[in-house]
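Here are my notes for your read-through. Have the model open as you go, and take the points in order.

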Amino acid sequence: MDSYKQEFIGFMVDSQALKFGEFTLKSGRKSPFFMNAGSYVTGAQLKKLGEYYARAIHENYGDAFDVLFGPAYKGIPLSVTTAIAYSELYGREVRYCSNRKEVKDHGDTGILLGSPLKDGDRVIMIEDVTTSGKSIEETFPVIMAQANVEIRGLMVSLNRMEKGQGGKTSALDEIREKYGFEARAIVTMGEVTEYLYNRPYKGQIYIDDTIKAALDEYYRIYGV
């Protein structure tokens, strides 16, 4: 596993963005772990988060994109901090864009925040985590209604490695099959488990035998 992936796993734990225990997800699934990008709240955390996203995007997609699109609401700060990091790390200016939940009818009107989308723009979408792919289903038509753009890919921080809405393949694979673009992650849950299982991180075991058994059972039901 690349060292920056190990660093990112530690960063998620340190920021309490990744927790282990018993959680009920938006999908209704009972999960032994929970990922919440809303836990990145300080300037230092957001700066580092943007750098991890920027590095993963550069490694997976290169410079072949113009816009970073972050779906409302958590995707808004993700797209902003990643655009800043990309400029600092790779010396290339990329625009950020996000959507509003409701169309604004006064002042800065419309459904978008940030840069307008133009015909020919190459777009990378950014999300915190994709469990079932439902959020992409909601966001994709919003983007495509704005201009004739090309979605180059989706980058999430954590691939949960579980079944999508169809129940046969992973959510990220379903996105590729349905929309025609690649969906990648900074790390997978498999890499997280490999790195943390019975291995002390700053003096604490986060995935012990009990959590590992719960993970195994969860993936027996929901995994792909």
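1. Let's start inside: Met189, Glu191, Val192, Thr193, Tyr195 and Leu196 are the buried residues of α6. Buried here means under 20% relative accessible area, with a 1.4 Å probe and protein chains only. Helices are DSSP runs of H or I, at least four residues long, and strands are E runs of at least two, both numbered from the N terminus.

2. Before going on, note that this is a predicted model, where local features need pLDDT of at least 70 and side-chain atom pairs count only at pLDDT 80 or more, while totals for chains, interfaces and linings use all residues. Residues are numbered from 1 along each chain as its sequence is written, and side-chain values use heavy atoms, leaving out hydrogens and water.

3. Why call α6 largely enclosed by the rest of the structure? Because six of the eight residues in this helix (residues 189-196) are buried.

4. Who are the neighbours? The buried residues of α6 pack against α1 (3-14), β1 (18-24), β2 (30-35), β7 (150-159), β8 (182-188) and α7 (209-222). Contact means heavy atoms within 4.5 Å.

5. Look just past the end of α6 as well: asparagine 198 has a positive phi there, about 50 degrees.

6. Now zoom out. The protein has seven helices and eight strands. Of its 224 residues, 49% count as buried. Among contacts between residues at least 6 apart in sequence, 70% join residues at least 24 apart. The C-alpha trace spans about 55 × 40 × 30 Å along its principal axes.

Notes. Buried means under 20% relative accessible area, exposed over 50%, partly exposed in between (1.4 Å probe, protein chains only).
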